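Here is a short briefing on a two-chain model. Please keep the structure open while reading.

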Amino acid sequence: MSLLIYAESADGKFKKVAFELASYAKKVAESLGTTVTAVTVNASDVSELSNYGVNKVLKVTNSKLDNFNAKAYADVVKQAAQKEGAKVIVLSSTTDSLYLAPLVAVGLEAGFASNVVELPVSTSPFQVKRTAFSNKAFNITEISTDVKVISIGKNSFGLVESSSSLTEEDFTPTLNDADFNVKVESVEKSTGKVTIADADVVVSGGRGLKGPENWGILEELASVLGAATACSKPVSDLGWRPHSEHVGQTGKPVATNLYIAVGISGAIQHIAGINSSKVKVVINSDAEAPFFKVADYGIVGDAFDILPKLTQKLKEFKASNS
Amino acid sequence: MKILVCISHVPDTTSKINFVNGDSEFDNNGVQYVINPNDEFGLTRAIWFQEQQGANVTVVNVGGADTEPTLRKALAIGANEAIRVNAAATDGFFVAKQLAEVVKSGNYDLVICGKESLDYNGGMVPGMLAGLLNYNFVNSCTDLKVDGTSAKASREIDGGKEVIAASLPLVIGGQKGLVEEKDLRIPNMRGIMTARTKALTVLEPVSASVETKAVKFEKPAPKSAVKLFSADDLDGLVNALHNEAKVI
């Protein structure tokens, strides 16, 4: 009975979350006295997983799986779990993994807990701590089924290196035609831009920036930090920025290391979406803006004056620290 | 086309979140309940199908009698009928199992759920429901069109979107984009009056195994006050981000 992770890759290369999952699973495996197996789909070189404590890789290579397909991928993970006799399956919180997780859980008659933020509180009974109520509370959930599926919240654990000897095995799960009834016709992906999902830093703008023509100063700040840009709901409703950049309760959730809010007052719905970010900085001309109550660092002042200067300071900082 | 819209009855975002009985239960006291926002986008899209394509829309909720005002609101917005499965929504699997029974007995072509509820944020009911029914499934759905028995949907992915084709019957986990915020409807007086006479059927639950249980709740540790820097002290901010917060 090992622990199974689904190590996600894109274009053959592992995503950072794959290593975060491995780090997490390694710790859980230690407390259960077992080892970690990873299942991969069309990943070219899997050896990197040995830096994070994975002992065995089940490599699936199949051109039908080039596009993500939740049902087919869930079948892959399910069959890998059955082959390994895995009792705990650890998944990430990417859009794709959250899509397949409930299908895996139903397929294995396993209980499922999402948004897990720490190592299990206890392994017998199996209890995990997860966020609930839009990050306004935590809830300890007990999973009582024999097989358990958990998904780990973004950036909640981090990377822990631990080298291991790795065996690779080709794995050919049985896929049915019915797995491919949901067909991807086209994919639109912004290239060369840091996405909100992958970013360690997000720089976000609100109505305080007064108009879409002023986004340049925000983008420059984002570029020096290697950050993704985002916006508040009013900004996307006004059409200043695309909906894909809207973060908040009904937009994209953000759980990043650093979130910088510029000209965003901090409506409760906005905060609900970004509150699991580790460090929050607010720049706003209104000292009474509610965002100051939830932020770690703040500057009261004019964004048009501050942003270019801050960008310059950060450039100097990066230059002297690289 | 018969559409089933699954709705959760959740505390309004502005509600104070507190717990009682040794932090084992949510404190309902003074809490205002609403239709879960992700479900409301789906409901509004369903009403669009009703008005434009003659679809019949049923709303369903798994919950006690106290959740009926939420179903009545959905009827006032325009749903044709409502079903309440008379049981506390104990966990995602339990709810999915109840909904699967409702779908099977009602022969729905399209099942619209919100991708996650704003109370437990489990995000599992739509997928589990699709898995139990073995129906096609699109999660994080931001656009949906139906022509006969074929559907075209957009799915939000990390960094972009996908266009997906699937045939009915179909389960979707919906979100903003299905309709926009400005398209959401506030029930008018006529809607509220007719909602009173629309059918609200109460069904008893089927048995389902207990898979997960929320045993305890915790509130985040109180946050320390914001550290302010003056607009002339940007070095102070950069320094704090580097040495104290260690994020740059």
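In this predicted model, helix α3 of chain A (residues 95-107) and α4(B) pack at an angle of about 45°. That angle makes α3(A) and α4(B) oblique to each other. Their axes lie 8 Å apart, and the crossing is right-handed.

**α3(A) against α4(B)**
- From α3(A), the contact takes A:Tyr99, A:Ala101, A:Pro102, A:Leu103, A:Ala105, A:Val106 and A:Gly107.
- From α4(B), it takes B:Gly127, B:Met128, B:Gly131 and B:Leu132.
- Sorted by class, this contact of α3(A) with α4(B) holds 8 nonpolar and 3 polar residues, with no charged residues.

**α3(B) against α4(B)**
- Within chain B, α4(B) (residues 125-133) also packs on α3(B) (residues 92-106), at an angle of about 50° and with the axes 8 Å apart.
- α3(B) and α4(B) are therefore oblique to each other.
- The α3(B)/α4(B) crossing is right-handed.
- α3(B) supplies B:Gly92, B:Phe93, B:Val95, B:Ala96, B:Lys97, B:Leu99, B:Ala100 and B:Val103 to the contact.
- α4(B) supplies B:Val125, B:Met128, B:Leu129, B:Leu132 and B:Leu133.
- The contact of α3(B) with α4(B) counts 11 nonpolar residues, 1 polar and 1 charged.
- B:Met128 and B:Leu132 belong to the contact with α3(B), and B:Met128 and B:Leu132 also belong to the contact with α3(A).

**The side of chain B that touches chain A**
- In total, 62 residues of chain B are in contact with 73 residues of chain A.
- Elements of chain B giving two or more residues to this side include the helices α3, α4 and α6 (234-244).
- Which element gives the most? β11(B) does, with 8 residues.
- By class, this side of chain B has 30 nonpolar, 17 polar and 15 charged residues.

**Chain B overall**
- Chain B has 6 helices and 15 strands.
- Its C-alpha atoms fill a box of roughly 65 × 45 × 40 Å along the principal axes.
- Of the 248 residues in chain B, 48% are buried.
- Among contacts in chain B with a separation of 6 or more, 70% join residues 24 or more positions apart.

**B:Gly173**
- B:Gly173 sits in strand β12 of chain B (residues 170-174).
- Is B:Gly173 buried or exposed? B:Gly173 counts as buried, because 29 C-beta neighbours lie inside 10 Å.
- Beyond its neighbours within four places in sequence, B:Gly173 is in contact with B:Cys113, B:Gly114 and B:Lys115 among others.
- Its contacts also include B:Pro126 and B:Gly127, together with B:Asn139, B:Ser140 and B:Cys141.
- B:Gly173 and B:Val215 are 42 residues apart along the chain, and their C-alpha atoms are separated by 27 Å.

**α4 of chain A**
- Helix α4(A) (residues 216-225) has A:Leu218, A:Leu221, A:Ala222 and A:Leu225 buried.
- An α-helix has 3.6 residues a turn, so residues three or four places apart point the same way.
- The cover over the buried residues of α4(A) includes β14 (201-205), β15 (228-231), β16 (258-262) and α8 (303-321) of chain A.
- Just after α4(A), A:Gly226 takes a positive phi of about 65°.

Notes:
Residues numbered from 1 in each chain as written. Chains lettered and ligands numbered in written order. Predicted model: local features only at pLDDT ≥ 70, side-chain atom pairs only at ≥ 80, totals over all residues. Axes fitted to C-alpha atoms, helices over the stretch in contact; angles between N-to-C directions. Helix = DSSP H or I, 4+ residues; strand = E, 2+ residues; numbered from the N terminus. Parallel < 35°, antiparallel > 145°, perpendicular 65-115°, else oblique. Left-handed = near helix turned anticlockwise from the far one by under 90°. Contact = placed C-beta atoms within 7 Å. Nonpolar A, V, L, I, M, F, W, Y, C, P; charged D, E, K, R; others polar. Buried ≥ 20, exposed ≤ 12 C-beta atoms within 10 Å, placed from the backbone.
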